[in-house]
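I opened this notebook page to look up charged side-chain pairs. The entries follow the order in which I took them up.

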Amino acid sequence: MLPDADTLPETLLDLAVPHEDINDLVALRRTLTADAGAMRLVQECVEELVRDIGEPGVEVPLAERVAEAPVALGPYFAVYVFVAALPYTRSYHRERGVTADVSRRTLADLGRNMAFHRRRHGRGGVEVPQWLTHHFRGELYQLGRLQFERARLGQRTGRAVARAGLDVAPGEPCLNLHIPDFQGPLSPAACDRSLELAREFFARHFPRERYRVAVCHSWLLDPQLKQHLDPESNIVRFQERFEPGRDPGEEPEPEDTEPVRFVFGDPDLPLTGLPRRTSVERAVGDHLRAGGHWYVRHGWFRL
């Protein structure tokens, strides 16, 4: 199920696992393989992860299973699960004709997730293993600057699309759009290129699934950002691609920790100490310090 100690580093590097984590993962491999119960848990996690691989919308309770791992392996246990599942994911990609480059860049989100964990906690680990199930199940792909997830329209966004006159109903296929960190500016040119890649990619590799709209759920769509940022900023121009994806007058709940987590790396940082080095840092921190709130907003546009 797992590469041996000599070849494991190569596999980890292919997944963009940070260099400072590799020696620990190789050393702990011996602890894992010597524990029959832990190895059985790895096998069960992999079986659950790859069951019905490629089927969008299947919930795999990986975070709950990872929590059952021995304490000594806890921070890294999810990495071994994803490494053990890697042959199944690569096989699915090959069956779909997905190129090795797209496969590698998509699955490299494991390393990005681990870098985020180290930035927040100062030690190795996987920040959100549940999120990575979408990548290893063939649902999500990194195409240029953005990530695109095969999904289906929810009721509220579906109603919003229908109000705009597009004949797309709730439950029909859509692409959920995600904005990964550590990937450079969110420039209009980079987004345009990603969208062109996505149109070509899904038409070629998933021809039976017709994707007519892209959907995004993010604090980056909060219109309050326009009060703090230049109208020509990348974020404001990104927002302008979208139509509102919820019912008129619907009041969302504040989600102040979302921008703090993504901009500063830790949702629990005290507001008084948030840096003001960039326009986005100033926007997020100053707005909260003034008593305001941030909201996750929902949007869509035609593909």
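Entry 1. I located Glu196 and Arg199 in helix H10 (residues 188-205), where they stand three residues apart, about one turn of the helix. Helices here are DSSP runs of H or I with at least four residues, numbered from the N terminus. I found that Glu196 forms a salt bridge with Arg199, with the closest N and O atoms 2.7 Å apart. I applied the term to a side-chain nitrogen of Lys or Arg within 4 Å of a carboxyl oxygen of Asp or Glu. Arg199 is partly exposed, at a relative accessible area of 32%. I used these classes: buried is under 20% relative accessible area, exposed is over 50%, and partly exposed is in between (1.4 Å probe, protein chains only).

Entry 2. I noted the basis of the work: this is a predicted model, in which local features need pLDDT of at least 70, side-chain atom pairs count only at pLDDT 80 or more, and totals for chains, interfaces and linings use all residues. Residues are numbered from 1 along each chain as its sequence is written, and side-chain values use heavy atoms, with hydrogens and water left out.

Entry 3. I looked up Glu127 and found a salt bridge to Arg120, with 2.7 Å between the closest N and O atoms. Glu127 is buried at 16% relative accessible area, whereas Arg120 is partly exposed at 23%.

Entry 4. I recorded a salt bridge between the side chains of Glu232 and Arg237, at 4.0 Å from N to O. Glu232 is exposed at 57% relative accessible area, and Arg237 is partly exposed at 38%.

Methods
Helix = DSSP H or I, 4+ residues; strand = E, 2+ residues; numbered from the N terminus.
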